[in-house]
Amino acid sequence: MEVVITKDNFEAEVLKSDKPVLVDFWATWCPPCRRLAPVVAKLAEEKADTLKVGKVDVDDQQELAAQFGIMSIPTLILFKDGKAVKQTMGFQPEEALVQFVTE
């Protein structure tokens, strides 16, 4: 299950998470974001035991988007132990996304 991430719950949901967190920076008007959404949702379901998946709507959470320098969406950032360790942009097929979160 995906968690809606806001500036108010970012610290608790991402930085203090006991497992890695994949954060999807997206927007409702973005076609690649809409294509990526079911891939991210499936990953959230399949990896629920080992990975938390969060969604940040960049229009609603401009502060968070600015904090992480989001210039293009979708942008996916993987956090481990409260730190951003990997980042990728654009649509990702399922295989590439699985590889991104497991390597």
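**Entry 1: the model.** I noted before anything else that this is a predicted model.

**Entry 2: strand β3.** I started with β3, residues 52–57, and asked how many of its six residues are buried. Six of the six are, so the strand is largely enclosed by the rest of the structure. Then I checked the faces. In a regular strand, side chains alternate between the two faces of the sheet. Here Lys52, Gly54 and Val56 sit on one side, and Val53, Lys55 and Asp57 sit on the other. Both faces of β3 are covered.

**Entry 3: who pairs with β3?** I looked up the partner strands next. Strand β1 (residues 2–4) runs parallel to β3 and is joined to it by three bridges. Strand β2 (residues 21–26) is also parallel to β3, with six bridges between them. Lysine 55 turned up on both sides of my list: it is the bridge partner of valine 4, and aspartate 24 stands opposite it as well.

**Entry 4: the crossover.** Which helix goes with β2 and β3 in a β-α-β unit? I found helix α2, residues 31–46, and the unit is right-handed.

**Entry 5: aromatic rings.** I counted four aromatic pairs in the structure. One of them is phenylalanine 10 with phenylalanine 79: the ring centres are 5.7 Å apart and the planes are at 80°, so I wrote it down as edge-to-face, the cut-off being over 60 degrees. This pair links distant parts of the chain, since phenylalanine 10 is in helix α1 (residues 10–15) and phenylalanine 79 is in strand β4 (residues 75–80), 69 residues apart.

I looked at another pair, phenylalanine 25 and phenylalanine 68. Their centres lie 6.1 Å apart with planes at 50°, so this pair is tilted. Phenylalanine 25 is in strand β2, while phenylalanine 68 is in the loop between α3 (62–67) and β4, 43 residues apart. Phenylalanine 25 is buried, at 0% relative accessibility. Ring pairs link Phe10, Phe25, Phe68 and Phe79 into a cluster.

**Entry 6: charges over rings.** Last, I checked which charged side chains lie over a ring face, and noted two cases. Arginine 35 lies over phenylalanine 91, at 4.0 Å from the ring centre. Lysine 86 lies over phenylalanine 100, at 5.1 Å from the ring centre.

Note on methods: Residues are numbered from 1 along each chain as its sequence is written. This is a predicted model: local features need pLDDT of at least 70, side-chain atom pairs count only at pLDDT 80 or more; totals for chains, interfaces and linings use all residues. Side-chain values use heavy atoms; hydrogens and water are left out. Buried means under 20% relative accessible area, exposed over 50%, partly exposed in between (1.4 Å probe, protein chains only). Helices (H or I, at least four residues) and strands (E, at least two) are DSSP runs, numbered from the N terminus. Two strands pair if DSSP finds at least two bridges between them. A crossover is right-handed if, with the strands pointing away from the viewer, the path from the first strand over the helix to the second runs clockwise. Rings of Phe, Tyr and Trp (its six-membered ring) pair if their centres lie within 6.5 Å; planes under 30 degrees apart count as stacked, over 60 as edge-to-face and the rest as tilted. A charge sits over a ring if NZ of Lys or CZ of Arg is within 6 Å of the ring centre and within 35 degrees of the ring normal.
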